[in-house]
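Here's a quick look at one protein model, with its charged pairs in focus. Have the viewer open as you read.

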Amino acid sequence: MWNISNYKKATLFFYDITDSTVMAKKERCFTLQHFGYECSRQRNTMGEPYGPTLALPLHFTIKSLPDGYLKELYQRLTENGTSVFSVVFNATFRIDENGDNVLSDYDSALIVSGAVVGVSENYDAIEIKGQSSLKQKRATTVDLMMTTVELLLQSIVYVGNNGYQKKLYINY
């Protein structure tokens, strides 16, 4: 068995990777193009934080979902339940005895849960210019699709080195 690094900074899984009943496979992850969230607490006149943690929705963008995955996102949008996603930083995969690329190591991860409140798709076409063997310029068009998901946070679990975990509950 050998390790394969995908050289991606952040990877998204549609489930909790810390769940021992689920095997995190490379084929079921997506490269994050962008994600962002903000959590804050109120402060008193002395600058000490108090009260519940308040959050803005978490937004993440992934590109070119294969068939069937957009259906899963829209299904989560129509449900009233909590959805769980894992954002994994600097993931390393290995080939297991079945020949699957499975997650073997990572620097840190965020396990986020909440309600999917928005899914948007942006389609665009870019023109790639190249040169043929006769040094003539030619252009090809590539269609791109970006999917942005908005998640109303309920909790965030930070998973660090050596199994360290810190959970932050979000209140609205």
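What follows covers the ground rules, the overall fold and then the salt bridges.

## Ground rules

This is a predicted model, so to speak of local features takes pLDDT of at least 70 and side-chain atom pairs count only at pLDDT 80 or more, while totals for chains, interfaces and linings use all residues. Residues are numbered from 1 along each chain as its sequence is written, and side-chain values use heavy atoms, with hydrogens and water left out.

## Overall fold

The protein has one helix and 12 strands (DSSP runs numbered from the N terminus: H or I of at least four residues for helices, E of at least two for strands). Along the sequence, the order is β-β-β-β-β-β-α-β-β-β-β-β-β.

Of the 172 residues, 34% are buried (under 20% relative accessible area; exposed is over 50%, partly exposed in between, with a 1.4 Å probe and protein chains only).

## Salt bridges

Searching the whole structure turns up two salt bridges (a side-chain nitrogen of Lys or Arg within 4 Å of a carboxyl oxygen of Asp or Glu). One pairs Asp100 with Lys25 at 3.3 Å, N to O. It ties together distant parts of the chain, 75 residues apart: Asp100 sits in the loop between strand 8 (92-95) and strand 9 (101-105), and Lys25 in the loop between strand 2 (10-13) and strand 3 (29-36). Asp100 is partly exposed at 23%, and Lys25 is partly exposed at 26%.

Glu72 and Arg76 form a salt bridge at 2.9 Å, N to O. These two are four residues apart in helix 1 (residues 69-78), so about one helical turn separates them. Glu72 is partly exposed at 25%, whereas Arg76 is buried at 12%.
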